[in-house]
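Hi,

Here is the structure I said I'd pass on. Have a look at it first, and then read my notes below.

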Amino acid sequence: SGNNGLLAGIAVLALIVLFITRHHFNIHTLGGQLSLGLIFGGILGNLIDRVLPSRQHVIDFLYFYVKRRDGEIASFPAFNVADSAICIGVALLFILSWQSGPSKAPAGEAHH
């Protein structure tokens, strides 16, 4: 459908922007690499699902439930693995940038 083309285009644009601006994030730390990896992986996972002719929609949903003795099913809302990876990666980036805070001295200033 046309909506898939638009969403795939947005995903490609997001990947390009993230790749170009990656040096603004803490990519030299394990946390920064992990967060960007989760974001890149999530976007790529959704993009692959949308562009493959056999799929053309996102398929990686997980649905957990517990069937009780009385026959009722207690369930957790279904969620998308790739979207979850993106959300966790973005949250981790926010936490890392919040923890590092502004530096105490300007980057170009030398200590004597």
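Predicted model: local features only at pLDDT ≥ 70, side-chain atom pairs only at ≥ 80, totals over all residues.

Residues are numbered from 1 along each chain as its sequence is written, and side-chain values use heavy atoms, with hydrogens and water left out.

**Layout**

The chain has three helices and four strands, in the order α-α-β-β-β-β-α along the sequence. Those elements are DSSP runs numbered from the N terminus, with helices being H or I of at least four residues and strands being E of at least two. Of the 112 residues in the chain, 19% are buried. For burial I use relative accessible area with a 1.4 Å probe and protein chains only: under 20% is buried, over 50% is exposed, and anything in between is partly exposed. Among contacts with a separation of 6 or more, 48% are between residues 24 or more positions apart; a contact here means heavy atoms within 4.5 Å. The accessible surface comes to about 8,300 Å², and carbon and sulfur atoms own 68% of that. Areas are Shrake-Rupley values with a 1.4 Å probe, and for residues only the protein chains shown count as cover.

**The core**

Which residues make up the largest nonpolar core? There are nine of them: Ala 8, Ala 11, Leu 15, Leu 18, Leu 36, Ile 39, Ile 43, Leu 47 and Leu 93. The elements giving two or more residues to this core are α1 (2-21) and α2. By "core" I mean buried Ala, Val, Leu, Ile, Met, Phe, Trp, Tyr and Cys residues joined through side-chain atoms within 4.5 Å. As a general point, nonpolar side chains in soluble globular proteins tend to be buried together.

Leu 15 sits in helix α1 and counts as buried because its relative accessibility is 13%. Leaving aside neighbours within four places in sequence, Leu 15 is in contact with Phe 40, Ile 43, Leu 44 and Leu 47. Its C-alpha is also 9.8 Å from that of Gly 41, 26 residues away in sequence. Leu 36, with the neighbours within four places again left out, is in contact with Leu 18, Arg 22, Phe 25, Ile 27 and Leu 93.

**Helix α2**

Helix α2 covers residues 30-51, and Ser 35 lies in it. Ser 35 is buried, because its relative accessible area is 0%. A polar atom of the Ser 35 side chain lies 2.9 Å from the backbone oxygen of Gly 32. Not counting residues up to four places away in sequence, Ser 35 touches Gly 89, Leu 92, Leu 93 and Leu 96.

Asn 46 is in helix α2 as well, and at 11% relative accessibility Asn 46 counts as buried. Its side chain makes a polar contact of 2.7 Å with the side chain of Asp 83. A polar contact is a pair of N or O atoms within 3.5 Å; within protein, one must be able to donate a hydrogen and the other to accept it, and residues adjacent in sequence count only if both atoms are side-chain atoms.

**The surface**

Val 12, Ile 16, Phe 19 and Ile 20 form a nonpolar surface patch with about 370 Å² of accessible area together. Patches take residues with over 30% relative accessible area and no salt bridge, joining like charges within 9 Å and nonpolar side chains (Val, Leu, Ile, Met, Phe, Trp, Tyr) within 5 Å. Ile 20 is in helix α1 and counts as exposed because its relative accessibility is 53%.

How many salt bridges does a search of the whole structure find? It finds one, between the side chains of Arg 68 and Asp 70 (3.6 Å, N to O). The cut-off is a side-chain nitrogen of Lys or Arg within 4 Å of a carboxyl oxygen of Asp or Glu. Arg 68 is partly exposed at 44%, whereas Asp 70 is exposed at 56%.

**One more from α3**

Ile 95 lies in helix α3 (residues 81-100) and is partly exposed, with a relative accessible area of 44%.

Cheers
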